[in-house]
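Here are my notes on this one, in the order I jotted them down. Have a look at the model first, then read on.

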Amino acid sequence: MARLNLLEETRYEKLPVTVYSDQKAASVAVAKRIADLIRSKQEAGQQAVLGLATGVTPIQVYAELVRLHKQEGLSFKNVITFNLDEYYPMKPDADQSYVTFMNENLFNHVDIDKANVHIPDGTLAADDVAAFCLEYERQIEELGGLDLQILGIGRTGHIGFNEPGSAPNSGTRLVTLDDLTRRDASRDFGGKQNVPTKAITMGVGTIFKAREIILMAWSAKKAPIIRQAVEGEISGDVPATYLQLSDNVEFVLDVDAASGLTRFDTPWLVKDCVWDETLIKKAVIWLSTAVGKPILKLTEEDYNNNGMAQLAVEKGPVYQINIDIFNQVQHTITGWPGGKPGSDDSQRPERAEPARKRSIVFSPHPDDDVISMGGTFIRLVDQGHDVHVAYQTSGNTAVWDDDVLRFMEFAIDFKESVGEDTAKMKGIYEDMRKFMVTKKPNQIDTPEIRDVKGFIRKTEAIAGARYAGVPDSNIHFQALPFYETGKTQKNSVGEEDIRLTMELLQRVKPHQVFTAGDFADPHGTHVVCFNIIIESLRRLRQTEDWVKDCWVWMYRGAWQEFPTHEIEMAVPLSPAEVLRKRNAIFKHQSQKDRPVFPGDDAREFWVRAEDRNRETAQAYDKLGMAEYAAMEAFVRYHY
């Protein structure tokens, strides 16, 4: 019976999927399978032929394999490896090369014979690439094929660098990279313009021949493409869907990457559910969107025809369910993000008292405050609250080099205009220009260049906060140490990061904390900064009474919004307020037009923010709520 239930739950899934609680547990499980294969081959006196992947996804797998080697005696002497791909052109000693990646994360820490390591050669002359690819295929076939191939998945659905349009029988070859793939890689290269346009990759056909294939994916960022790969139709537009044709494949996911699958996203379509308040709200909002009706117009027939008959029977009548959910959604809307003084707050997101709250907006980068919650930020000030803003990092890796020269030239001209000596500054300026001429992609800037980039972002942040009405005394720059590496790869969080945050919180004693709640990228600055704030509040709660009255509200950035059913406070913006928010964003001139790290969205930040806020308001309108120009959304975090 349990097996039948599982088959029903997974009936939309066209290949085997195993879901783990987190990426650590999943990575350990995958590493164990690799280790078991290596050991079984050793016992049989055979070689283990592994196909390996690069990128963020397999890092913890490799870390666990290194641990198994060092602590449990796992030997790699019988292991032969073939990597999926390499950028082209690419020098093997470059920081971004997959040779460097594999050496740093695995090969330099185990006893593998380097002669048994095969990685596509990014230094080949163009005329030699085709012959190299044929030889790569021949070597794999001569060894009897790959015993196990591990894969990640790109958000284009690529496996290896087999981009959309790749043929299911393709072999190792030179390919042109999709623009989204290059944007995703831009942070590793110090900007998309430095990312190679081509790569050498194993083909889909080569991967398909492996006796066992494990595709891994972590984080909600991968959830949409995982759903397409697992539940979608086989298509060259999503090369990973070709894996549905294999009898030897398994997808290994964490809960966030699996969250878009039907059994997790809309479980009522595949099984009977335990209908708690959260699931009822999610299901009714989903139904309203699916059938294109406001909540109060949903009928019993709508419920029955869309997999929600159980809900109608157990919790009905449906009109009462509709009224309850309509009221819940309506009560999230407030024009008083700091609470409405002297009012009944039993149905409002925020407390009425104290009437004048101390609020602190934490901004991971120097522009997240105005991009993500600029309208609410301004309204809190307008409504008389004691509003502080804390810029957690300098953001100094995200400024163009030519902006540095422009500001240096301004400083030199200004000093000369007031009769000051500029010899030293001109010397620094010339050193900067010389450095920039020979600067390699993602090379660490000189301290002077990093300082100027930090100053640029600091002055922009001050201008934005002043425009919002925040007094200078309430503008705080933390420059948390974890960020100040000069590289896109940051240090681990240390006690100093937490100490600085506790110190600021203790000084302000806020009733409200607003913090970035964007967890789509588990290695991003936002989630690191969020964790620092929560850890600081948890420690302070042990000794400080004011913390018990401090509420934490999470906002999200310009890339995505909270699902409507999760929103607990929605702050509507008038057209005039949308314009004020836009003007605040415009104060961040170094990030306008073409930011260094645009992410996966080519739109300017202000356009993204306005589109997102308008779409949130439209979502509420379609549910039957009042129609607003825009809305900013928040979810309360209980720590």
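**Notes on the model**

1. Let me start with a parallel pair: β11 and β12 are joined by 6 bridges. Strands count as paired here if DSSP finds at least two bridges between them, and helices (H or I, at least four residues) and strands (E, at least two) are DSSP runs numbered from the N terminus. Within this pair, Phe362 has Ala390 of β12 as its bridge partner.

2. Before going further, a word on what we are looking at. This is a predicted model, where local features need pLDDT of at least 70 and side-chain atom pairs count only at pLDDT 80 or more, while totals for chains, interfaces and linings use all residues. Residues are numbered from 1 along each chain as its sequence is written, and side-chain values use heavy atoms, with hydrogens and water left out.

3. Is β12 buried or exposed? Strand β12 (residues 386–391) has 6 of its 6 residues buried, so the rest of the structure largely encloses it. Buried means under 20% relative accessible area, exposed means over 50%, and partly exposed is in between (1.4 Å probe, protein chains only). In a regular strand, side chains alternate between the two faces of the sheet. Here both faces are covered: Asp386, His388 and Ala390 are buried on one side, and Val387, Val389 and Tyr391 on the other.

4. Next, the open sheet. Its 7 strands run in the order β1-β10-β9-β6-β2-β3-β5, with parallel pairing. The edges belong to β1 (17–20) and β5 (117–118); each has a single partner strand, so one side of each lacks a neighbour in the sheet. For β1, the parallel pairing with β10 (residues 249–254) covers 4 bridges, and Val17 has Phe251 in β10 as its bridge partner.

5. Some backbone spots to check by eye. Most residues other than glycine have a negative phi, and most peptide bonds are trans. The Gly316 to Pro317 bond is cis, with omega near 10°, and Pro317 sits in the loop between α13 (309–315) and α14 (318–330). Another cis bond joins Glu353 and Pro354, with omega about -5°; Pro354 is in the loop between α14 and β11 (358–363).

6. Positive phi values turn up too. Asn442, not a glycine, has a phi of about 65° and lies in the loop between α17 and α18. Ala479 has a phi near 45°; you will find Ala479 in the loop between β13 (475–477) and α19 (495–508), partly exposed at 38% relative accessible area.

7. On to salt bridges, meaning a side-chain nitrogen of Lys or Arg within 4 Å of a carboxyl oxygen of Asp or Glu. How many are there by this rule? The count comes to 43. One of them joins Arg155 and Asp184, with the closest N and O atoms 2.3 Å apart. Arg155 is in the loop between β6 (148–151) and β7 (173–176) and Asp184 in helix α6 (residues 179–184), so the pair ties together parts 29 residues apart in sequence. Arg155 is buried at 17% relative accessible area, whereas Asp184 is partly exposed at 35%.

8. Glu610 and Arg582 also meet in a salt bridge (2.6 Å, N to O). That pair links distant parts of the chain, with Glu610 in helix α22 (residues 605–622) and Arg582 in helix α21 (residues 575–586), 28 residues apart. Glu610 is buried at 15% relative accessible area, and Arg582 is partly exposed at 25%.

9. Finally, the surface patches. These take residues with over 30% relative accessible area and no salt bridge, joining like charges within 9 Å and nonpolar side chains (Val, Leu, Ile, Met, Phe, Trp, Tyr) within 5 Å. Areas come from the Shrake-Rupley method with a 1.4 Å probe, and for residues only the protein chains shown count as cover. Phe410, Phe414 and Val418 make a nonpolar patch of about 330 Å². Glu430, Asp431, Glu448 and Asp451 form a negative one, with Asp and Glu counted as negative, Lys and Arg as positive, and His and the chain ends not counted. Each charge is placed at NZ of Lys, CZ of Arg, CG of Asp or CD of Glu. Both α17 (423–438) and α18 (447–468) supply at least two residues of the negative patch.
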